Amino acid sequence: MKKGWRILFVMMALLVLFVGCQGEEAAEEQPEEQAEPFLASMATDVGGLGDKSFNDGAYQGLQKAEQELDNVEIKVIESKQQTDYIPNLTGLAEDGSDIVFAVGFLMESAVKEAATNMPDTYFAGIDIGAGEDDPDNFQGILYKEEQAGYLAGIVAGMMTKEHADKTDKLNDANVVGVVLGMLIPPVEKYEVGFIQGVHSVNPDCKVLSVTSGSFTDQAKGKEAALAMIEQDADIIFHAAGLTGLGAIQAAKEEGVLAIGVDVDQNNVAPETVLTSAEKKIPQSVFLSIKSAYEGNFQTGTKVYGLAQDAVGISDFHSFDDMVPQEVKDAVEQAKKDILAGDVTIETSREAIGR
Amino acid sequence: MEAFFTIANTDLLVAMVRLSTPITLAAIGAVICERSGIVNIAMEGIMIVGAFFAAVGALYTGNPWIGLLMGIVAGGIFSLIHAVATVSFHLNHVVSGAVLNILAMGVTRYFMVLFFGHPGTTDPIPNNLGQLRWAIPGLSKIPVIGRMFFDQTPIVYFSFILVIFFAWFMKKTKVGLHIRAAGEHPLALETIGVSVKKMRYLGVFISGLTSGMGGAYLAIENSASFTEGMTNGRGFIALAANISGGWNPIGAFIASLFFGFADALQVRFQVGKVFDIPEEIFIIFPYVATIIAVAGLVRRSRPPKEVGVDFMIEQEGD
């Protein structure tokens, strides 16, 4: 009897190992017959693939490179915790990667350390800026989130006041809300851009905001949104990753509108998500791979914005008929003004006095 | 100060109940488990497993009740690993619990890939328990209390029922007495012919069931999809609630409400901009409050005497 238990226990231990090994590599590697393929790889942050946000976006960029460039292979490693970042990034370089992507601001110090340790491999970091002291094989990729936030803010600012009669999901209180994940630069830029966008068309509008402190805690995101809806907020914008799914859920249950982030989140709740402030990561990742592939990798920071069509807001989907032409025109006009340099958008809370 | 009064309303108290429910459920489990003599720090892991299987059940069958059942059962089964390790193999309780928490993360990610093709988060669950709001006729009309306790979603009611049930069960039933004896004086229990092993298995299993239910609450009632890491430390807070609640279901319930209140309050402080201090201070507020509560109350509450102590007895012919 006792022996049987022991065997079971050993088998369970083996199962644990098996599970651990399986989880590591989510992407398929395709062996090719040609000589020495170009290997582009990425390590996700703790959000992992399937976050319907920047990890998935970066992966799509890799897939695009695999399809469109000759003899390119791709590889993905997912990080389960923050201590995995350096081993994963260094490991990918040791496995023969030509370029390694680190995804997310929270990987900043890890990717820079890995780049210093592995000088023969190119590294690129999404949402990570490159400083002067950083190694020559590192490229930072940043986005002008404030521009996407600004455009979303224009939509929210106009809808919540002038066009509140267009749907029963809006009220006359002239209040909108923002749910944030952790207060890191990309999140702050979204928020600050959004506030400026709202106030550019609706100076009296009250913009509430709550920082949840997590990117994975849906219950916290929901509570934050509910607390703002109690104060009559009728449009909830979130820049909170998976936490934001809870905010969208709250908006859905309470019958108000939500604005998604990073990718078009309309499919999360089609009758609730008005639009999304997008950051088109696949395109920028693809361009970065292409430059390394063609041998003209640029060091330093690359900033993608409206000019590269890398930020913007997504379609209104089922709300397309409800959103007046006036609002759409205002968004287009703002795009032109930003590109022409007629509008400057601040990027920090300090600059707008919050 | 004016802003302060705008947030001190019934909504705040409703939010308190809503936020404390998953913690209450896990904390009841912690009470039963520790009373039986087993330290269970694996509730965080059990909750995430419960949350995942509840979401799977609700997504695949389209019926949230089957999801709830799957979440509870999965939590129970997962907790049995802890029981086998600690009761049958005499493994250190903390070590086993820590391992299970890590295992839970791996298992849910593995099954995410297996069932959904990607880790991270599942698709939205179209039929979830959050859509069912049961207002109890009459009682829900009572001011304040009515909205807090009698106009809620299903699992919130279940948590109230379980608190009362287990308070009665531990105090008044024979099995409850035996579970308590297993944690206080296992040798005496064994002497009167009751298996300490069985009682401890039962204690751990109950904690698995209730924690699984707490996880299910997060995935299919409060939210409408499963996200890796969505429990975010609630299993550990439940452990603290158990301690500051004095290893007693009703005490643990009150302690959970306290945490829920602190959390609901900090969110509303942020919305109302009541104090002009950095967000981080608000975010840690509920956790700091918990530490203070545990540190302040722990001296007055007494743990079961033999909790965490291995029980081994020489048996003939084994």
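The model is a predicted one. In chain A, the secondary structure amounts to 10 helices and 12 strands, and 56% of its 354 residues count as buried. If one takes the contacts in chain A between residues at least 6 apart in sequence, 68% of them join residues at least 24 apart.

**The six-stranded sheet of chain A**

- Six strands of chain A form an open sheet with parallel pairing, and their order across the sheet is β2-β1-β3-β4-β5-β11.
- The edges of this sheet are taken by β2 and β11 of chain A, and because each has a single partner strand, one side of each is left without a neighbour in the sheet.
- From one strand to the next, the twist averages 20 degrees.
- Helix α2 of chain A, made of residues 54-68, lies across β1, β2, β3 and β4 of chain A, and its direction is at about 160 degrees to that of β2(A).

- Strand β2 of chain A covers residues 72-77 and is mostly covered, with six of its six residues buried.
- Val72(A), Ile74(A) and Val76(A) point one way from β2(A), whereas Glu73(A), Lys75(A) and Ile77(A) point the other way, and all of these residues are buried.
- The pairing of β2(A) with strand β1 of chain A, residues 38-43, is parallel and extends over six bridges, and within β2(A) it is Lys75(A) that stands opposite Ser41(A).

**Strand β5 and its two partners**

- Strand β5 of chain A, residues 138-143, is largely enclosed by the rest of the structure, because six of its six residues are buried.
- On one side of β5(A) are Phe138(A), Gly140(A) and Leu142(A), and on the other are Gln139(A), Ile141(A) and Tyr143(A), so that both faces are covered.
- Strand β4 of chain A, residues 122-126, runs parallel to β5(A) and is joined to it by four bridges, and Gly125(A) has Gly140(A) in β5(A) as its bridge partner.
- Strand β11 of chain A, residues 300-304, also runs parallel to β5(A), with five bridges joining the two, and here Leu142(A) stands opposite Val303(A) in β11(A).

**Helix α9 and Ser284(A)**

- Helix α9(A) has 13 residues, and the distance from its first C-alpha to its last is 18 Å, close to the 18 Å expected at 1.5 Å a residue.
- The buried residues in α9(A) include Ile281(A), Val285(A), Phe286(A) and Ile289(A).
- Ser284(A) belongs to this helix, which spans residues 281-293, and Ser284(A) counts as buried because 24 other C-beta atoms lie within 10 Å, where the cut-off for a buried residue is 20 or more.
- If its neighbours within four places in sequence are left aside, Ser284(A) is in contact with Ile141(A), Tyr304(A) and Ala310(A).
- Ser284(A) and Ile141(A) are 143 residues apart along the chain, yet their C-alpha atoms are separated by 7.9 Å.
- After α9(A) comes Gly295(A), a residue whose phi is positive, near 85 degrees.

**Helix α7 of chain A**

- Helix α7(A) is mostly covered, with 12 of its 13 residues buried, and among the buried ones are the charged residues Lys220(A), Lys222(A) and Glu223(A).
- Asp232(A), which follows α7(A), has a positive phi, near 75 degrees.

**Helices α5 and α6 of chain A**

- Helix α5 of chain A, residues 145-160, and helix α6 of chain A, residues 185-201, have axes that come within 6 Å and cross at roughly 35 degrees.
- The crossing of α5(A) with α6(A) is right-handed, and the residues of this contact divide into 14 nonpolar, nine polar and four charged.

**Where chain B touches chain A**

- In the contact between the two chains, 35 residues of chain B meet 41 residues of chain A.
- On the chain B side, the elements that give two or more residues are α2, α5, α10, α12 and α13 of chain B, and the largest share, seven residues, comes from α5(B).
- Sorted by class, this side of chain B has 17 nonpolar, 13 polar and five charged residues.

Note on methods:
Residues numbered from 1 in each chain as written. Chains lettered and ligands numbered in written order. Predicted model: local features only at pLDDT ≥ 70, side-chain atom pairs only at ≥ 80, totals over all residues. Axes fitted to C-alpha atoms, helices over the stretch in contact; angles between N-to-C directions. Left-handed = near helix turned anticlockwise from the far one by under 90°. Contact = placed C-beta atoms within 7 Å. Pairing = 2+ DSSP bridges. Expected span 1.5 Å × (residues − 1).
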